[in-house]
Amino acid sequence: MQSKEIRRKFIEYFVAQGHTHVPSSSLIPGDDPTLLFTNAGMVQFKRVFLGEETRPYGRATTVQKCLRVSGKHNDLEQVGFTARHHTFFEMLGNFSFGDYFKEDAIRFGWELCVDVYGLDPDRIFATVHQSDDEAFALWQRVAGLPPHRIFRFGDEDNFWQMAETGPCGPCSEIHYDGTGKAARRKLTREEFVALGDEGRILELWNLVFMQYDRSEDGAQRPLPKPSIDTGAGLERFAAVLQGVDSNFHTDLFMPLIRRAEEVVGRTYEARSPAGVSFRVVADHARAVAFLIADGVFPTNEGRGYVLRRILRRGKRHAWLLGRREPTVVAIVDEAIRAMGDVYPELVQRQEHIRRTTASEEERFLTTIDEGMRRLDELAPVGGKGGKGGRIPGAEAFKLYDTYGFPLDLTELVARERGYTVDIEGFERAMEEQRQRSREAYAAAVGPVDREALLSGWVEVTSGEQTWVGYDDLAVDTEVLAAKLNGSRVGLQLKENPFYAEAGGQISDTGYVEGDGWRLEVAEVARLDGRVAVFGTLEGRFKPGPVRAVVDPRRLDTQRNHTATHLLHAALRQVLGPHAQQAGSLVAPDRLRFDFTHPGPLTPEELEAVERLVNEWVLRDAEVRKEWTAYREAVGRGAMALFGEKYGETVRVVAVPGFSLELCGGCHVRSTGEIGLFKIVSETGAASGVRRVEAFTGSKAYEWVREQEMRLRQIAELLRVPPDQVVRRVEALVRERKEFERQLEDSVRRGATDEVARLVAGAVSIDGVKVVTGRIRVAGKEALRALGDRLRAQLSSGVAVLAAELGDGRTSFLAVVTEDLVRRGVRAGELADLVAASTGGRGGGRAHMAEGGVGDPTKIDEALGQVPKIVSSLLPRSQ
């Protein structure tokens with residue numbers, strides 16, 4: 001039975017039993033920002049189980065996209081090594097929200113397995129919680145299962161919970177004897193466990209009897225209505241129904257493995273070490289495709305980091321298979337082809353998925369290439385007479401830390417070249433780095449003395465603090481508490497208009513003025529339940545009425561904050577839903593917005609984003625702010641940021657028809673107040689994260705005026721009107737290129753003569769041409785170009801030159817032709833040995849390398865040693 005038929009029959013059966021077919025939710029839990037990924041079918045029904053939400057149906061069935069790579073459910077490191085573990089998988093499930101309970105759940109499970117899928121009833125086992133006598137009896141009465149095929153287990157095996165808190169309950173699992181032999185006799189509990197560990201008895205389906213809500217203190221409170229949550233892995237059912245020994249040998253994975261065979265040029269052998277890598281690539285390609293389709297982008301934190309880790313782990317295993325080109329992208333294409341009819345979002349976003357995957361693979365390959373160059377120096381082919389050696393742990397860690405070169409790749413390459421790796425030294429270096437990071441963080445942040453911040457306050461007036469800063473920038477109020485000791489004076493105001501930094505928006509400044517005194521507010525901080533302002537006190541504080549005034553620059557901050565929301569919406573509209581906020585700064589003088597995207601925006605994309613924001617500014621659209629239930633806000637499509645903690649009631653800031661976000665910051669009343677929006681820079685903030693900086697209002701106007709002034713100055717220098725500046729610059733560029741071409745031709749003719757002179761002076765060492773000499777060149781680029789021509793002219797040979805560069809420095813250059821590289825002569829090792837004769841060091845690639853000169857008086861002596869050094873590097877067998 002093919003996987004498509006297994007899915008279809010599951011849904012058809014439960015719809016016939018009165019269930020509503022609910023489509024799979026996203027891998028990103030939209031209504032639960034505390035959960036990294038959807039890891040079970042019940043996630044989209046969590047609020048229903050908690051009684052916080054109602055649905056128009058009491059029974060549901062789904063085929064849910066799931067990912068288990070973090071937290072309590074993390075299968076990443078097992079993938080490929082076992083027959084059942086996966087990152088991405090599909091969970092078949094049926095759910096009851098206070099409708100039916102244990103008896104019907106057991107009956108449905110039995111009927112589907114036996115009557116629909118045709119499994120042998122004599123090969124089915126069940127497990128129940130050790131205290132669940134009811135389920136034990138129901139399996140006998142409803143399914144006719146004999147007692148010796150029902151086993152009791154404790155909380156570890158038969159009590160299910162989605163996370164540390166939330167819905168949970170005892171469960172009953174359906175197991176199947178894949179061999180047909182175990183069920184022929186009565187098994188002890190220990191034998192049943194052992195056969196399960198061996199994979200001969202396979203867990204198929206988990207029926208969770210959802211009865212409790214577990215709180216943070218560990219207490220289990222009954223849910224409003226006992227409910228049912230079941231989950232069965234499609235991949236496991238497919239393995240049983242297709243009669244194969246591994247999920248990876250089903251029709252869900254074999255097309256991907258076959259495609260991997262074509263790409264890497266090797267045959268899949270299940271029991272070989274390479275078989276692990278094939279399985280990893282196939283599994284991870286599915287996860288990558290679905291994560292990117294659901295809006296995740298490779299970054300260095302949160303969900304993006306998980307995606308990057310999965311993708312690079314897949315590429316690492318492709319490398320282990322001998323593939324040095326982008327590989328995962330080809331398998332991702334196959335995954336889209338195989339599953340696109342079931343999950344149309346894969347097809348709709350195919351080009352974005354391919355582009356993102358390929359870009360990330362190429363970036364990782366670059367780090368591997370850089371690491372390989374260093375590894376060539378540490379463990380050269382044929383080094384130490386072909387006997388190899390040991391790569392120090394500190395060097396292996398440097399490969400990992402500096403070049404992103406995985407340790408297992410270092411071990412693989414070292415083993416191929418006859419070297420070993422100091423693993424213990426690597427682990428010591430890793431721990432030392434962690435310790436340095438901890439110390440650096442502590443030094444940068446400093447000790448946080450929360451007690452000192454909270455202590456020393458003197459109550460001035462009783463009452464509660466009220467935040468009025470959304471509407472008022474100047475208020476008459478009273479001081480609730482004061483902190484007068486020390487250099488930093490603090491006040492807590494009864495009506496507080498000052499915003500404390502949060503959500504990217506910086507704190508307000510301003511002043512608080514009383515009878516005979518004034519506090520210049522330089523800092524605003526959140527204390528336990530209140531906000532305090534701090535600054536320098538002029539005069540002598542005394543209780544009484546005060547005037548609190550926020551600096552008018554807050555209006556500029558509000559312009560920038562609303563513009564940030566418009567920018568976010570515009571980026572998602574122009575670039576796609578993967579462009580998600582990764583950080584922001586909202587200040588009076590500028591805004592900065594970080595977002596996920598694979599590479600620099602094109603000028604056309606930047607122009608489109610800027611134009612779209614300004615169109616909404618010109619519309620003078622109302623900016624609506626309202627408090628509403630979190631679930632309702634998310635249901636309306638409000639953007640909730642992962643990692644932020646939201647209460648039951650949230651503030652929604654909306655520009656109807658364009659932007660909708662959860663936000664507690666300060667905003668303009670209508671978009672027209674922004675005045676003008678101007679992007680002034682777009683750069684990289686981190687791998688896979690771009691950064692836009694922009695101005696609004698008067699600051700944007702000043703920036704445009706400054707650009708106009710510069711344009712006039714350039715026009716004056718070029719002696720043309722401003723509208724002809726571009727044409728004049730283009731003409732100058734053409735003239736410069738022609739001059740450079742003529743100069744390059746002249747240099748090339750001279751370099752050709754120089755190369756011919758050097759080659760003519762070559763000597764033969766053990767049948768190998770060896771060239772040495774002194775030259776003068778303009779710089780490093782000219783030196784390398786000359787080295788390329790020299791290597792081509794030699795055809796077969798070695799050259800070491802001492803080059804006097806244009807800046808007065810002298811450098812060694814070593815080149816080796818391809819045939820000698822294959823015989824074990826490496827330019828990096830040669831450059832290092834020659835440079836060492838002067839007290840310098842060298843290194844580089846196998847074909848070309850450079851060395852520094854220690855003592856310039858020893859250059860001629862070093863060049864004289866080259867023939868002897870080359871002779872020592874040539875294999876004796878030659």
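A polar contact is a pair of N or O atoms within 3.5 Å; within protein, one must be able to donate a hydrogen and the other to accept it, and residues adjacent in sequence count only if both atoms are side-chain atoms. The model is predicted, with local features needing pLDDT of at least 70 and side-chain atom pairs pLDDT 80 or more, while totals for chains, interfaces and linings use all residues. Residues are numbered from 1 along each chain as its sequence is written, and side-chain values use heavy atoms, leaving out hydrogens and water.

**Exercise 1.** Find which backbone atoms the side chain of Thr-596 reaches.

Solution. Step one: the backbone oxygen of His-578 is reached at 2.4 Å. Step two: a polar atom of the Thr-596 side chain lies 3.0 Å from the backbone nitrogen of Gln-580.

**Exercise 2.** Decide whether Thr-596 is buried or exposed.

Solution. Buried means under 20% relative accessible area and exposed over 50%, with partly exposed in between (1.4 Å probe, protein chains only). Thr-596 has 8%, so this residue is buried.

**Exercise 3.** Name residues in contact with Thr-596, leaving aside neighbours within four places in sequence.

Solution. Contact means heavy atoms within 4.5 Å. Among the partners of Thr-596 are Phe-297, Thr-299 and Gly-688.

**Exercise 4.** Identify the residues that touch the most other members of the largest nonpolar core.

Solution. Such a core is a set of buried Ala, Val, Leu, Ile, Met, Phe, Trp, Tyr and Cys residues joined through side-chain atoms within 4.5 Å. Of its 89 residues, they are Trp-139, Trp-205 and Phe-237. A second, separate core of 29 residues includes Phe-595 and Leu-612.
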